[in-house]
Amino acid sequence: MPLDTTTFHNVINGELTSSPSTRHSINPANKEPNPEVPVATQEDLDRAVSSAKTAFKTWSKKSYAERRKAILAYADAIEANKDELTALLTKEQGKPLTQAAVEVGMAVTWTRQLPTIEIPETVLQDDDNAKVIQRYVPLGVAGAIVPWNFPVLLAIGKIIPAVYTGNCVIVKPSPFTPYCGLKLAELAIPHFPPGVIQAISGGDDLGPLLTEHPGIDKISFTGSTVTGRRVMASCAKTLKRVTLELGGNDAAIVCDDVDLDKVIPNLAVLSFLTSSQICMMIKRLYVHEKIYSTFLEKYVSFVKNFPVGDGTAADTFIGPIQNGMQYEKAKDLFSSIKSENLTPALGGSITDSKGFFVPPTIIDNPPETSRVVQEEPFAPILPVLKWSDEDDVVARANAADSALAASVWCKDPERARRIADQLDGGSVWINTHFEVSPFVPFGGHKASGIGTEWGLQGLTQYCNSQSLWIKKV
């Protein structure tokens with residue numbers, strides 16, 4: 001039976017539950033209301049935590065093989081409903097169906113591949129006196145706070161590491177995109193004991209209830225740096241473990257030896273994918289002055305052909321900004337084009353329409369101090385800047401408070417590696433950007449976060465390290 005994407009419930013203790021009050025988000029392409037979802041109460045959260053703690057007693061004792069079997073069956077359920085989830089994702093998030101399908105497909109891949117990672121036990125000492133083993137034990141109950149830009153992949157990217165390592169997880173989707181997150185928990189019901197995977201929908205007040213709840217042992221949060229600081233302060237009250245994946249202002253450095261016709265399509269897609277609403281998108285593009293004019297002309301010619309529109313249209317590449325709050329932030333940033341006397345090479349203004357649409361905009365060599373360079377836009381506006389001196393461009397790329405990721409584009413491997421080795425960021429790429437894998441940890445440096453997601457290191461962050469001493473007698 002196809003997944004019902006018209007009615008939505010919280011998932012608590014393996015049951016679909018409602019609440020006295022409901023709310024809805026809107027379709028950002030037309031501002032029409034999406035279906036109603038529950039507004040979880042403190043009592044709902046308490047019940048979910050209690051159920052998770054009960055489930056943890058037995059789930060944590062399952063072998064990795066037993067947990068892996070349940071997770072792989074869950075992957076099959078997600079894949080069987082990929083078309084319904086893709087359509088729902090476009091309806092709630094706004095991204096084009098093609099991009100939504102990629103996200104759902106990645107979620108299936110992550111669900112299948114993350115539990116293939118072996119969690120090691122390391123023998124640190126084994127002699128006549130004692131054997132000492134360093135191993136990882138699950139924490140207990142994890143809270144997964146999921147953002148609105150990648151609500152499927154980033155939910156799965158928290159759910160699977162939590163349950164594979166023996167924890168139970170409570171998912172809190174963004175109030176802007178609650179629908180797929182609730183359905184992911186619903187799809188899990190037949191494959192896991194009650195209380196292992198739960199999801200509760202609510203407003204902005206639900207997040208602090210999670211982060212301060214004494215029964216939750218870890219919070220994994222993806223979102224803005226401003227909110228991340230509040231999450232960390234809140235978690236400190238109960239000494240929760242915390243992983244924070246926060247904002248970025250990623251720089252890409254383009255050297256003068258690149259093949260323009262080859263790199264420009266890649267750079268364009270990696271700057272404007274999902275309407276630039278990805279923390280790891282290129283947000284500052286530094287181009288060597290020797291090729292700057294030709295590069296800018298070709299780059300503008302390519303980007304101006306990106307179709308903007310409803311994500312359900314077959315050829316759309318740039319859908320709407322996801323929500324009204326972010327749309328207003330985009331309009332405020334666009335106002336700086338005029339107030340700071342910047343020069344748009346493409347676009348430069350926002351026209352009100354039936355949805356939250358922002359045309360792709362490219363700013364020609366703005367000052368380093370301009371807002372479009374200093375701020376993370378989360379909207380399709382990109383500064384393209386000149387550089388000539390290697391030390392100078394590295395310093396400019398590293399000047400931001402955030403350090404999520406960066407990239408270098410260069411034919412000369414030695415030169416590319418020399419520049420890359422000087423860049424701040426949890427991920428640094430050469431001749432690509434925004435490459436991710438379930439086997440590779442990612443996270444931010446500086447104000448871009450604490451800890452990592454995915455890979456072995458990401459999995460072990462859902463665990464405590466434990467040293468087992470076996471005295472020989």
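The model is predicted: local features need pLDDT of at least 70, side-chain atom pairs count only at pLDDT 80 or more, and totals for chains, interfaces and linings use all residues. Residues are numbered from 1 along each chain as its sequence is written, and side-chain values use heavy atoms, with hydrogens and water left out.

**Sheet**

- Three strands form an open sheet in the order β5-β6-β22, with antiparallel pairing. Strands (E, at least two residues) and helices (H or I, at least four) are DSSP runs numbered from the N terminus, and two strands pair if DSSP finds at least two bridges between them.
- The edge strands are β5 (122-126) and β22 (463-471), each of which pairs on one side only.
- On average, neighbouring strands of this sheet are turned by 20° against each other, direction ignored. Axes are lines fitted to C-alpha atoms, for helices over the stretch in contact, and angles run from 0 to 180 degrees between N-to-C directions.
- Four bridges link β5 to β6 (residues 130-138) in the antiparallel sense. Thr122 has Gln134 of β6 as its bridge partner, while Asp126 is bridged to Lys131 of β6.
- A hairpin of three residues joins β5 to β6.

**Helix contacts**

- Helix α2 (residues 64-80) and helix α4 (residues 97-113) have axes that come within 8 Å and cross at roughly 170°. That crossing makes α2 roughly antiparallel to α4, a term for angles over 145 degrees, whereas those under 35 count as roughly parallel, 65 to 115 as roughly perpendicular and the rest as oblique.
- On the α2 side, Ile71, Leu72, Tyr74, Ala75, Asp76, Ile78 and Glu79 meet Val108, Thr111 and Arg112 of α4. Contact means heavy atoms within 4.5 Å.
- The contact of α2 with α4 has six nonpolar, one polar and three charged residues. Here Ala, Val, Leu, Ile, Met, Phe, Trp, Tyr, Cys and Pro count as nonpolar, Asp, Glu, Lys and Arg as charged, and the others, Gly among them, as polar.
- α2 also packs with helix α3 (residues 82-93), at an angle of about 65° and with the axes 5 Å apart. Ile78, Glu79 and Ala80 of α2 make this contact with Lys82, Glu84 and Leu85 of α3.

**Pockets and cavities**

- On a 1 Å grid over the protein atoms alone, a cavity is a set of points where a 1.4 Å probe fits but cannot get out, and a pocket is an open set with protein on both sides within 12 Å along at least five of seven lines; lining residues have an atom within 4 Å of a point. Grid points are joined across faces, edges and corners, and a volume is the space filled by probe spheres set on the points.
- The second largest pocket holds about 220 Å³ of space. Its lining includes Lys95, Gln99, Phe150, Leu273 and Phe434.
- There are four cavities of 30 Å³ or more. The largest cavity holds about 120 Å³, and of its 13 lining residues, Phe150, Leu154, Ile278, Met280 and Phe434 are the closest to its centre. Its lining divides into 11 nonpolar, one polar and one charged.
- The second largest cavity has a volume of about 70 Å³. Arg284, Ala397, Ser402, Ala405 and Asp424 are the closest to its centre among 13 lining residues, and β17 (402-403) and β18 (405-409) are the elements that give two or more residues to this lining.
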